[in-house]
Amino acid sequence: MIGRNKSVRPDGIPAAILKMGGKATIPYLERLLDITINNGTIPRDWKKAIVVPIHKGGDRSVFKNYRPVSLTSMACKQMEHVIAGCIRQVWEDGGWLYEDQHGFRPRYSCESQIITVCQEISVSLDEAARLVAIIIDFSKAFDSVPHDRLLKQIAASGVGSRVVVWITGFLIDRSQRVKVGRHYSEEVRVT
């Protein structure tokens, strides 16, 4: 779903353009996405991000009270959804996902995960059974995963080569700059 009030992205195309175009834009967007997956190329603007600090609360002069949000191309975001859906389907069909995996899956959420955990705790308490829980925060895990190993695992899981090539292109030669008010930082390469 494309938000109508989203900021203009690095490619200069406001989300409202895609939204207002409605069904008339679908064939063009579909063709663009088809070209990127078939050619294994990604437009340069799709690899750029504008990082905007969003105030979370508290003292506005404290850096930690801000959350960075990366604004990227809306067309690329649509392609990311297509790619994620493809991978999810391959992994569902191949039995790669643990049945209690709640993140990034349709009909699953943080809430369904919490309900599942609470239910398991309740059953353990009712049965006076011992319960061991290990909680791991993977929030920064993707930032530390070597991309070549990640891509090998994705390929080994049965995901098609065109998708793997697209993801490879997506991960390399990225850049970003920070926007505060009307001011932009210098563009820096993301490694």
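Q: Leaving aside neighbours within four places in sequence, which residues is Arg-174 in contact with?

A: Contact means heavy atoms within 4.5 Å, and on that reading Arg-174, leaving aside its neighbours within four places in sequence, is in contact with Trp-46, Lys-47, Thr-72, Val-188, Arg-189 and Val-190. This is a predicted model, in which local features need pLDDT of at least 70 and side-chain atom pairs count only at pLDDT 80 or more, whereas totals for chains, interfaces and linings use all residues. Residues are numbered from 1 along each chain as its sequence is written, and side-chain values use heavy atoms, with hydrogens and water left out.

Q: Where is Arg-174 placed, and is Arg-174 buried or exposed?

A: Helices (H or I, at least four residues) and strands (E, at least two) are DSSP runs, numbered from the N terminus, and Arg-174 has its place in strand S3. As for burial, a residue is called buried under 20% relative accessible area, exposed over 50% and partly exposed in between (1.4 Å probe, protein chains only); Arg-174 is buried because its relative accessible area is 15%. Between the C-alpha atoms of Arg-174 and Arg-107, which are 67 residues apart along the chain, the separation is 32 Å.

Q: What does Ser-175 touch, leaving aside its neighbours within four places in sequence?

A: Ser-175, which also lies in strand S3 (residues 174-180), counts as buried because its relative accessibility is 12%. Leaving aside its neighbours within four places in sequence, Ser-175 is in contact with Lys-47, Lys-48, Ala-49, Glu-187, Val-188, Arg-189 and Val-190. One of these partners, Ala-49, is found in strand S1 and is buried, with a relative accessible area of 10%. The contacts of Ala-49, again leaving aside its neighbours within four places in sequence, are with Pro-10, Ser-70, Leu-71, Thr-72, Ser-175, Gln-176 and Arg-177.

Q: In which sense do S1 and S3 pair, and in which sense do S1 and S2 pair?

A: Two strands pair if DSSP finds at least two bridges between them. Strand S1 (residues 48-55) pairs with S3 in the parallel sense over four bridges, and Ile-50 stands opposite Arg-177 in S3. With strand S2 (residues 66-71), S1 pairs in the antiparallel sense over six bridges, and Val-51 stands opposite Ser-70 in S2.

Q: At what angle do H2 and H3 pack?

A: Two packed helices are described by the angle between their axes and the distance between the axes. The axes are lines fitted to C-alpha atoms, for helices over the stretch in contact, and the angles run from 0 to 180 degrees between N-to-C directions. Helix H2 (residues 26-39) and helix H3 (residues 74-93) pack at an angle of about 65 degrees, with their axes 10 Å apart. Angles under 35 degrees count as roughly parallel, over 145 as roughly antiparallel, 65 to 115 as roughly perpendicular and the rest as oblique, and H2 and H3 are therefore roughly perpendicular to each other. The contact is made by Leu-29, Leu-32, Leu-33, Thr-36 and Ile-37 of H2 together with Ala-75, Gln-78, Met-79, Val-82 and Ile-83 of H3. Ala, Val, Leu, Ile, Met, Phe, Trp, Tyr, Cys and Pro count as nonpolar, Asp, Glu, Lys and Arg as charged, and the others, Gly among them, as polar; the residues of this contact of H2 with H3 divide into eight nonpolar, two polar and no charged.

Q: How do the axes of H6 and H7 cross?

A: The axes of helix H6 (residues 147-156) and helix H7 (residues 161-171) come within 10 Å and cross at roughly 165 degrees, and H6 and H7 are therefore roughly antiparallel to each other. In this pair the contact is made by His-147, Leu-151, Ile-154 and Ala-155 of H6 and by Val-164, Ile-167, Thr-168 and Leu-171 of H7. By class, the contact of H6 with H7 has six nonpolar, two polar and no charged residues.

Q: Where is Asp-173 found, and what phi does Asp-173 take?

A: Most residues other than glycine have a negative phi, and most peptide bonds are trans. Asp-173 is found in the loop between H7 and S3, and its phi is near 55 degrees, a positive value in a residue other than glycine. At 52% relative accessibility, Asp-173 counts as exposed. Ala-128, likewise not a glycine, has a positive phi of about 55 degrees, and its place is in the loop between helix H4 (110-126) and helix H5 (141-144). Ala-128 is exposed, with a relative accessible area of 71%.
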